[in-house]
Amino acid sequence: YIPLADMDLANMTFSIGAYVITVAIINPIILGPYAGVAIVIGLIVYFCFPAVKQAKLYELKSKGPLFGLLSATLSGIVIIRVYKQAEAFQQKFKDYLHIVMKANNSFTLASRFMAFYVDFAYVIAAIGCVFIITAKAQGASVEEGGMAAFALALVLGITGILQFALRQFSS
């Protein structure tokens, strides 16, 4: 049994590797922007991932007391009404809910921040690749123009795979 996350990671890694190798065979100069973006993405992930991980842990730990209170409330609803403690439980529930929402927003903000800048970095690299490919293809023969168009399609394919990977990670 292989977890789905591992299968997605292997699928994206091999797909991106195949695309990059194919583009490098067609246009070796394209490896420059991809190497640069790999370094930039590595730095972004290195500096942002601890915040994402910490926010996710905060979110997971803050849910426990909320669900515990909800369970206790449901099992003791008659006692709460008899001793007129509904207002106290409502206030406690609001406080726990506020903490959970802060944790959820922290995780969402941290993961979206990282995803945005990773997305921005590889889109800039893709734009650089497109400029390089089109500059090299000007005045070329029909066959070289066809190969340039194929390389452009592969660059766009890499961008699509990376966007899929980011959506999987930041959800």
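**Exercise 1. Which residues lie nearest the centre of the largest pocket, and how many residues line this pocket?**

Solution. Keep in mind that you're looking at a predicted model.

- Step 1: Start in the middle. Leu-9, Met-12, Ile-16, Leu-162 and Ala-165 lie nearest the centre of the largest pocket, whose lining counts 22 residues.
- Step 2: Find out where the lining comes from. Helix H1 (4-26), H2, H4 and helix H5 (142-170) each give two or more residues to the lining. H1 supplies the largest share, with eight residues.
- Step 3: Sort the lining by class. You get 18 nonpolar, two polar and two charged residues.
- Step 4: The largest pocket holds about 680 Å³ of space.

**Exercise 2. Work out which residues line the second largest pocket, and which elements they belong to.**

Solution. 

- Step 1: Finish with the volume, which is about 170 Å³ for the second largest pocket.

**Exercise 3. Decide how helices H2 and H4 run relative to each other: roughly parallel or roughly antiparallel?**

- Step 1: Get both values. The axes of H2 (residues 31-75) and H4 (residues 86-137) come within 8 Å, and they cross at roughly 165 degrees.
- Step 2: Compare with the cut-off. Angles over 145 degrees count as roughly antiparallel, so H2 and H4 are roughly antiparallel to each other.
- Step 3: Check the handedness. The crossing of H2 past H4 is left-handed.
- Step 4: Look at who meets whom. The contact of H2 with H4 has 35 nonpolar, five polar and five charged residues.

**Exercise 4. Say what stands out about the phi of Lys-84, and whether this residue is buried or exposed.**

Solution. 

- Step 1: Most residues other than glycine have a negative phi.
- Step 2: Read the angle. Lys-84 has a phi near 55 degrees, so a positive value in a residue that isn't glycine.
- Step 3: Lys-84 sits in the loop between helix H3 (77-82) and H4.
- Step 4: Judge the exposure. The relative accessible area of Lys-84 is 71%, and over 50% counts as exposed, so Lys-84 is exposed.

Terms used:
Residues numbered from 1 in each chain as written. Predicted model: local features only at pLDDT ≥ 70, side-chain atom pairs only at ≥ 80, totals over all residues. Heavy atoms only, no water. Axes fitted to C-alpha atoms, helices over the stretch in contact; angles between N-to-C directions. Helix = DSSP H or I, 4+ residues; strand = E, 2+ residues; numbered from the N terminus. Parallel < 35°, antiparallel > 145°, perpendicular 65-115°, else oblique. Left-handed = near helix turned anticlockwise from the far one by under 90°. Nonpolar A, V, L, I, M, F, W, Y, C, P; charged D, E, K, R; others polar. Buried < 20%, exposed > 50% of the residue type's maximum accessible area, 1.4 Å probe, protein only. 1 Å grid on protein atoms, 1.4 Å probe; cavity = no way out; pocket = protein on both sides within 12 Å on 5 of 7 lines; lining within 4 Å. Points joined across faces, edges and corners; volume = space filled by probe spheres on them.
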